[in-house]
Amino acid sequence: MEIRDIEIFLVLAEELHFGRAAERLRVSQARVSQALKKQERRIGAALFERTSRTVRLTEVGRQLRDDLQPVYVGLQESLERARMAGRGVAGRLRVGMMPFNVVDLHHYWRAFRRRHPRWELQIRPAPYADPFDALRSGAMDVFVAWLPVEEPDLTVGPVLLTDRRVLAVADHHELAGRDTARLEAFADFAHATTTGVPDYWEDSYLPFHTPRGRAIERPHLVLGPDELISLISMGDIVQTFPGHVTRYWGMPNIRWLPVPDLGTLRYALVWRGEAENDAIRALAGTVRDLGTLVL
């Protein structure tokens, strides 16, 4: 079976829709159908049950998907390692950033690249929802996350930065005219939450209760920062942020109010313990040598 045919089968097995699979693969639907028919002839059994409305994997199709998926991933990784070796690169270290693109952190990345030029360093935004899953699935190697992180399978490394807290409100919101925001007042307004984060971790960022025990309600579920900012700008919610966002999200319709009774956030390197390697240790060593940044 050719690599492209394997890819077509796996994408179709995920999408269960010929049109979406073809669009994702950037080929025609006829090419998807042709590849599938060739695979079914070679195997001697149907891989999908197809009707005018649904596409479903057969038992043989499910077995083939489960067998091929790790083989395909391993093959792609092998080819990528060969391509990197051809460029003189020993490996790649993928770092997911939960803080927004903080220019102040770039000195860590530049120092690492100077010290270890044969390792390719990639800095990317971390997923907003289920951020620890990206570590556990291997989609990223290191996560820059606020503390505490109390996950048995994750290792907490050195702290990169500490940052103050601000509250984002729309310019027409009733809080917009104030100089500061108090945590007790948070219970009077709606906030947002996301999926797949531990309660203790969310509580450390935005407490579930005010000092007097009133609940801080989170009726809005968001999956990304753009959605979050839209809700704030419309006045539907208020939301806490680390202070550095005031320099990168300079929006005329949003006010940033200091929150003096919320402690600072501490951001550290976090990685999966069993995946620790020389590149991760080298990045942690670079951060330790340069010390913690206080914003």
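Reply: In this predicted model, strand β7, residues 165-170, pairs with β11 in the antiparallel sense over five bridges. Two of the facing residues can be named. Ala-168 stands opposite Trp-256 in β11, and the bridge partner of Val-169 in that strand is Arg-255.

β7 also pairs with β10, again in the antiparallel sense, over four bridges. Here Val-166 stands opposite Phe-241 in β10. In general, the strands of a sheet pair through backbone hydrogen bonds, and the pairing is either parallel or antiparallel.

Taken together, three strands form an open sheet in the order β10-β7-β11, with antiparallel pairing. β10 and β11, the latter covering residues 254-258, stand at the edges with a single partner strand each, so one side of each is left without a neighbour in the sheet. Neighbouring strands of this sheet are turned against each other by 35° on average, direction ignored. Helix α8, residues 225-233, packs on the sheet and touches β7, β10 and β11. The direction of α8 makes about 125° with that of β10.

Now the side chains of β7. In a regular strand the side chains alternate between the two faces of the sheet. In β7, Arg-165, Leu-167 and Val-169 point one way, while Val-166, Ala-168 and Ala-170 point the other way. Both groups are buried. Six of the six residues of β7 are buried, so the strand is largely enclosed by the rest of the structure.

Gln-239 lies in β10, residues 239-242. Gln-239 has 5% relative accessibility and therefore counts as buried, the limit being under 20%. Its side chain reaches the backbone nitrogen of Ala-192 at 2.9 Å. Not counting residues up to four places away in sequence, Gln-239 touches Val-166, Leu-167 and Ala-168, along with His-191, Ala-192, Leu-206, Leu-228 and Ile-232. Val-166, Leu-167 and Ala-168 are among the buried residues of β7.

One of the residues touched by Gln-239 is His-191, which is placed in the loop between β7 and β8, the latter being residues 192-193. His-191 counts as buried because its relative accessibility is 0%. The side chain of His-191 reaches the backbone oxygen of Val-238 at 3.1 Å. Leaving aside its neighbours within four places in sequence, His-191 is in contact with Ile-237, Val-238 and Gln-239, and also with Phe-186, Leu-206, Ile-216, Glu-217, Arg-218, Pro-219 and His-220.

Within α3, Val-32, Ala-35, Leu-36, Gln-39 and Glu-40 are buried. These residues cover an arc of only 135° around the axis, which puts them on the same side of α3. The face turned away from that buried side carries the exposed residues Ala-30, Gln-34 and Arg-41. The buried residues of α3 pack against α1 (3-15), α2 (18-25) and β1 (48-50). After α3 comes Gly-44, whose phi is positive, near 85°.

With 0% relative accessibility, Val-287 counts as buried. Apart from its neighbours within four places in sequence, Val-287 is in contact with Tyr-108, Pro-158, Val-159, Leu-160 and Leu-269. The C-alpha atoms of Val-287 and Ala-268 are separated by 9.5 Å, and the two residues are 19 residues apart along the chain.

Finally, the setting of these parts. The protein has 10 helices and 13 strands. Of its 295 residues, 46% count as buried. Along its principal axes, the C-alpha trace spans about 70 × 50 × 35 Å. Among contacts between residues at least 6 apart in sequence, 73% join residues at least 24 apart.

Conventions
Residues numbered from 1 in each chain as written. Predicted model: local features only at pLDDT ≥ 70, side-chain atom pairs only at ≥ 80, totals over all residues. Heavy atoms only, no water. Buried < 20%, exposed > 50% of the residue type's maximum accessible area, 1.4 Å probe, protein only. Contact = heavy atoms within 4.5 Å. Helix = DSSP H or I, 4+ residues; strand = E, 2+ residues; numbered from the N terminus. Arc of directions from axis to C-beta. Polar contact = N/O pair within 3.5 Å; in protein donor to acceptor, adjacent residues only side chain to side chain. Pairing = 2+ DSSP bridges. Axes fitted to C-alpha atoms, helices over the stretch in contact; angles between N-to-C directions.
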